[in-house]
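Subject: Model handover and notes

Hello,

Here is the structure you asked to look through. My notes follow below it, arranged by topic.

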Amino acid sequence: MGAALLIFLVFFPIAMGVAAFPLGRRDKDLRDWFVIAVTGVELAAVGALLLFQGTEATLAEVCGFGLHFQASAFGTLLAIIAAFLWLMTALPSREYFLHAESRNRYYMFYLMTLGALMGVFLSADLYTTFVFFEIMSFTSYVWVVQNETPQAIRAAETYLAVAVIGGLTLLMGLFLLWSLLGTLRLDALYDAAAALPEEKRGLLWAAGLCCLVGFGAKAGMFPLHIWLPKAHPVAPAPASALLSGILTKSGVFGVLIISRYLFWADLPWNTVVLALGVVTMVLGAVLAVFSIDLKRTLACSSMSQIGFILVGAAM
């Protein structure tokens, strides 16, 4: 039951996103209520996951290595927050997009991004995290370009460029980790890293820094924050709320995984994270003070809050 629920939470929103597109062509009002119902079902289902803590599910041979999911305490908490935010943004979206164009496209990728984010938070290994991390980057790109204004197109190009560069760098880090440790499972990383000979710690650092760049790009961490102040002002308000409220936290989730399982109590590593967190925190606050656009101010404030989180993690 628990394994089936894990699979459902990841792929149900993706499938319903595909179904929402043709439904909207026939009846826009029905599509709007359909999207709200889907997010409500997702929230109820992820709440039920609290009864199946520690449950694992595997889709063998999918994407080569297979996809592995686990109902961990922290991942479940973030999944509940994500589902709640999706429902809360779905409710006002019906009125917000009343006279907007391309609503079918928006709702389709809106639900698909929810499924991808669930895949990130409920992943049991870093390979699964990477797969859904990249899916999430491409599906959320549509949010930024939704209004199709020149500003939106330029911001979306920046967002996609940072996402692709970050994703490729993350993949490099995972290749190195696999070569060094022989596993990418979260519950095996700590012991494998602790048993690594001292002469290979440099390679572990190289892998960790690649992963930090990949996850930090999505989090809006300095110096990869450039997409955040650009994407928020041009994205629709519900999408902007999700970009700030939870999508950036998927990057933080990755940084916490690397810091916890590969560099636990490693002073040099924590110093690097601390320095990046301080710069992100202060720079975000300064940019917010000098902003003359409310949504840009909120974006810069979000960047500053990411810095606070990184500082807390490092400390």
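This is a predicted model: local features need pLDDT of at least 70, side-chain atom pairs count only at pLDDT 80 or more; totals for chains, interfaces and linings use all residues.

In these notes Ala, Val, Leu, Ile, Met, Phe, Trp, Tyr, Cys and Pro count as nonpolar, Asp, Glu, Lys and Arg as charged, and the others, Gly among them, as polar. Residues are numbered from 1 along each chain as its sequence is written, and side-chain values use heavy atoms, with hydrogens and water left out.

**Pocket**

Grid points are joined across faces, edges and corners, and a volume is the space filled by probe spheres set on the points. Helices (H or I, at least four residues) and strands (E, at least two) are DSSP runs, numbered from the N terminus.

The largest pocket has a volume of about 250 Å³. It is lined by 13 residues, of which Ser72, Phe74, Leu186, Ile257 and Tyr261 are the closest to its centre. By class, the lining holds seven nonpolar, four polar and two charged residues. Helices H3 (73–96), H7 (186–194) and H10 (237–261) each supply at least two of the lining residues. The largest share, five residues, comes from H10.

**Cavity**

By the rule above, there is one cavity of 30 Å³ or more. Helices H5 (126–145), H6 (150–181) and H8 (201–219) are the elements that give two or more residues to the lining of the largest cavity. H6 gives the most, with four residues. The volume of the largest cavity is about 30 Å³. Its lining is made up of Phe133, Glu134, Ser137, Val162, Ala163, Gly166, Gly167, Gly214, Ala217 and Lys218. In that lining, four residues are nonpolar, four polar and two charged.

**Core**

Buried means under 20% relative accessible area, exposed over 50%, and partly exposed in between (1.4 Å probe, protein chains only). A nonpolar core is a set of buried Ala, Val, Leu, Ile, Met, Phe, Trp, Tyr and Cys residues joined through side-chain atoms within 4.5 Å. The largest such core has 92 residues, and those that touch the most other members are Trp86, Tyr110, Leu126, Trp143, Leu177, Leu247 and Leu262.

Contact means heavy atoms within 4.5 Å. Leaving aside neighbours within four places in sequence, the residues in contact with Leu247 include Trp86, Trp143, Tyr159 and Lys218.

H5 is largely enclosed by the rest of the structure, because 17 of its 20 residues are buried. The expected span of a helix is 1.5 Å times one less than its number of residues. Helix H2 (residues 28–48) should span 30 Å with its 21 residues, and the 31 Å between its end C-alpha atoms agrees. The buried residues of H2 include Arg31, Asp32 and Glu42. Among the elements that cover the buried residues of H2 are helix H1 (2–26), H3 and helix H4 (103–121).

**Single residues**

- Cys300 is in helix H12 (residues 294–314) and counts as buried, at 0% relative accessibility. Beyond four places in sequence, Cys300 is in contact with Pro229, Gly284, Ala285, Leu287 and Ala288.
- Leu189 lies in H7 and is buried, also at 0% relative accessibility. With neighbours within four places left out, Leu189 contacts Leu126, Leu181, Thr183, Leu184, Tyr261 and Leu262.
- Ser93 lies in H3 and is buried at 0%. Not counting residues up to four places away, Ser93 touches Tyr107 and Pro238.
- Ala161, in H6, is partly exposed, with a relative accessible area of 38%. Ala161 and Trp227 are 66 residues apart in sequence and 8.9 Å apart in space, C-alpha to C-alpha.
- The peptide bond from Phe222 to Pro223 is cis, with omega near 0°. Pro223 sits in the loop between H8 and helix H9 (227–234).

Regards

Notes: On a 1 Å grid over the protein atoms alone, a cavity is a set of points where a 1.4 Å probe fits but cannot get out, and a pocket is an open set with protein on both sides within 12 Å along at least five of seven lines; lining residues have an atom within 4 Å of a point.
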